Amino acid sequence: MKSLPYFCRGEVVRGFGRGSKELGIPTANFPACVVEHLPADISTGIYYGWACVGNGDLHKMVMSIGWNPYYKNTKKSMETHVIHKFKEDFYGETLSVVMVGYIRPERSYDSLEALIAAINDDISEAKVQLERPEHLKLCDDNFFTGHSASSSTASSPPPSASPTFINGH
Ligand code: ADP
Ligand code: MG
């Protein structure tokens, strides 16, 4: 996918209440305005990359891009599981991510156990892949380290929930 790595940020909004948290795998949802900016070549499926909440530390993440059941599967959703234990929820905070690589397409599962096992495999894969030097160096990108220099425009606003999209190429 030529749009990778793909940087974006936006406010964390409420999802569909599908109980991801109860499965031990909470997913922070992006609003429609972020999803609508996705380049056309970014297909649905599971991605890995880096994420930070507000001005917090950078963590590894896995992201699911799928068809949004709330809109009768006509719109996409982007849900990020940050591979870190947070003390509290962070609805309303700014989530900054870079999608780095693609793991697999969407799939349906016969059981909850099979789904959880697949997600845990994705998390293991993300952890390994992100140790590669070319992926580690994305952590030093201005997008994460100096928010003011992060936008594609010279006079970028200070960090806020305003969505930002930067194509890696
Ligand atoms: P929703 O349907 O509202 O997205 P989830 O059960 O998927 O509910 O939980 C997502 C929320 O959990 C996030 O919006 C965030 O506030 C919180 N959260 C806590 N820890 C994490 C984490 N490691 N990764 C993603 N979200 C997390
Ligand atoms: Mg969610």
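Student: What should I know about the model before reading values?
Tutor: This is a predicted model, where local features need pLDDT of at least 70, side-chain atom pairs count only at pLDDT 80 or more, and totals for chains, interfaces and linings use all residues. Residues are numbered from 1 along each chain as its sequence is written, chains are lettered from A and ligands numbered from 1 in the order in which they are written, and side-chain values use heavy atoms, with hydrogens and water left out.

Student: How many residues surround ligand 1, and which are the closest?
Tutor: A residue is near a molecule if one of its heavy atoms lies within 4 Å of it. Here 19 residues surround ligand 1, and the closest are G15, N29, V82, F90 and Y91.

Student: Which polar backbone atom lies 2.8 Å from a nitrogen atom of ligand 1?
Tutor: A polar contact to a ligand is a pair of N or O atoms within 3.5 Å. The backbone atom belongs to V82. G15 places a backbone N or O atom 2.9 Å from a ligand oxygen. The side chain of S20 has an N or O atom 3.4 Å from an oxygen of ligand 1.

Student: How much of ligand 1 does the protein bury?
Tutor: Accessible areas come from the Shrake-Rupley method with a 1.4 Å probe. Taken alone, ligand 1 exposes 560 Å², and the protein buries 94% of that.

Student: Which element gives the most to the shell around ligand 1?
Tutor: Strands are DSSP runs of E, at least two residues, numbered from the N terminus. β5 gives the most, with three residues. The elements giving two or more are β2 (28-29) and β5 (76-82).

Student: Which protein atoms are donors of the magnesium ion?
Tutor: Donors are N, O and S atoms within 2.8 Å of the metal (3.2 Å for Na, K and Ca); water is not among the atoms, so sites may look incomplete. For ligand 2, the magnesium ion, they are T27 (O), T27 (OG1) and N29 (OD1), at 2.2 to 2.5 Å.

Student: Is N29 buried or exposed?
Tutor: Buried means under 20% relative accessible area, exposed over 50%, partly exposed in between (1.4 Å probe, protein chains only). N29 has 7% relative accessibility, so N29 counts as buried. T27, at 24%, counts as partly exposed.

Student: How many disulfides does the structure hold?
Tutor: A disulfide is a pair of cysteine sulfur atoms within 2.5 Å. The structure holds zero. C52 is buried at 3% relative accessible area, and C139 is buried at 18%.

Conventions: Polar contact = N/O pair within 3.5 Å; in protein donor to acceptor, adjacent residues only side chain to side chain. Helix = DSSP H or I, 4+ residues; strand = E, 2+ residues; numbered from the N terminus.
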